[in-house]
Amino acid sequence: MVHITFIDSSGEKRPVEAEEGSTVMEAAIRNSIPEITAECGGACACATCHVYVDEAFVPLTGEASPQEEDMLDFAYAVQPNSRLACQIKIGPEVEGLIVTTPARQG
Ligand code: FES
């Protein structure tokens, strides 16, 4: 299991354990993380799983694909460290990952 901490827009931290091979979005849904709605179920087609990746983990979570970049255009308050949680695979390299959720999606 890989440890991930979700921080919501008010600063509340929610540490969870996530299965390797799943995605950050799946970990969020399984743990009822607020502020992630994931309406398309992980198809990279809704941008309602938008998160900000902690700067220390940006190099470890890989690059956004062109499709993900296109979808991020529809997200609210996009920053350079914005990603779609359904496109971040969980593996040992992201142990301790910290992501923050925006105040709203879409
Ligand atoms: S769940 Fe829809 S884009 Fe991530």
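Me: In this predicted model, which residue is the bridge partner of I7 in strand 5?

Reply: The bridge partner of I7 in strand 5 is T100, and on its other pairing, with strand 2, I7 stands opposite K13.

Me: What makes strand 1 and strand 5 count as a pair?

Reply: Two strands pair if there are at least two bridges between them, and strand 1 (residues 2-7) and strand 5 (residues 97-100) have four bridges, in the parallel sense, so they meet the cut-off. Within this pairing, F6 stands opposite V99 in strand 5.

Me: Why are strand 2 and strand 4 called edge strands?

Reply: The open sheet has five strands in the order 2-1-5-3-4, with mixed pairing. Strand 2 (13-18) and strand 4 (82-84) each pair on one side only, and that is what makes them the edge strands. From one strand to the next, the twist averages 35 degrees.

Me: Why is T48 called buried?

Reply: A residue counts as buried under 20% relative accessible area, and because T48 has a relative accessibility of 5%, T48 counts as buried. T48 lies in the loop between helix 1 (24-30) and strand 3 (50-53). Leaving out residues up to four places away in sequence, T48 touches I36, T37, A38, E39 and Q105.

Me: Which residues touch the most other members of the largest nonpolar core?

Reply: This core has 29 residues, and those that touch the most other members are I4, F6, V24, C49, L84, I90 and L97. Two or more residues come from each of strand 1, strand 2, helix 1, strand 3, helix 2 (66-72) and strand 5, with helix 1 giving the largest share, four residues. As for V24, its contacts, not counting residues up to four places away in sequence, are I4, F6, A85, I88, I90, L97 and V99. In soluble globular proteins, nonpolar side chains tend to be buried together.

Conventions
Residues numbered from 1 in each chain as written. Predicted model: local features only at pLDDT ≥ 70, side-chain atom pairs only at ≥ 80, totals over all residues. Heavy atoms only, no water. Axes fitted to C-alpha atoms, helices over the stretch in contact; angles between N-to-C directions. Buried < 20%, exposed > 50% of the residue type's maximum accessible area, 1.4 Å probe, protein only. Contact = heavy atoms within 4.5 Å. Core = buried A, V, L, I, M, F, W, Y, C linked by side-chain atoms within 4.5 Å.
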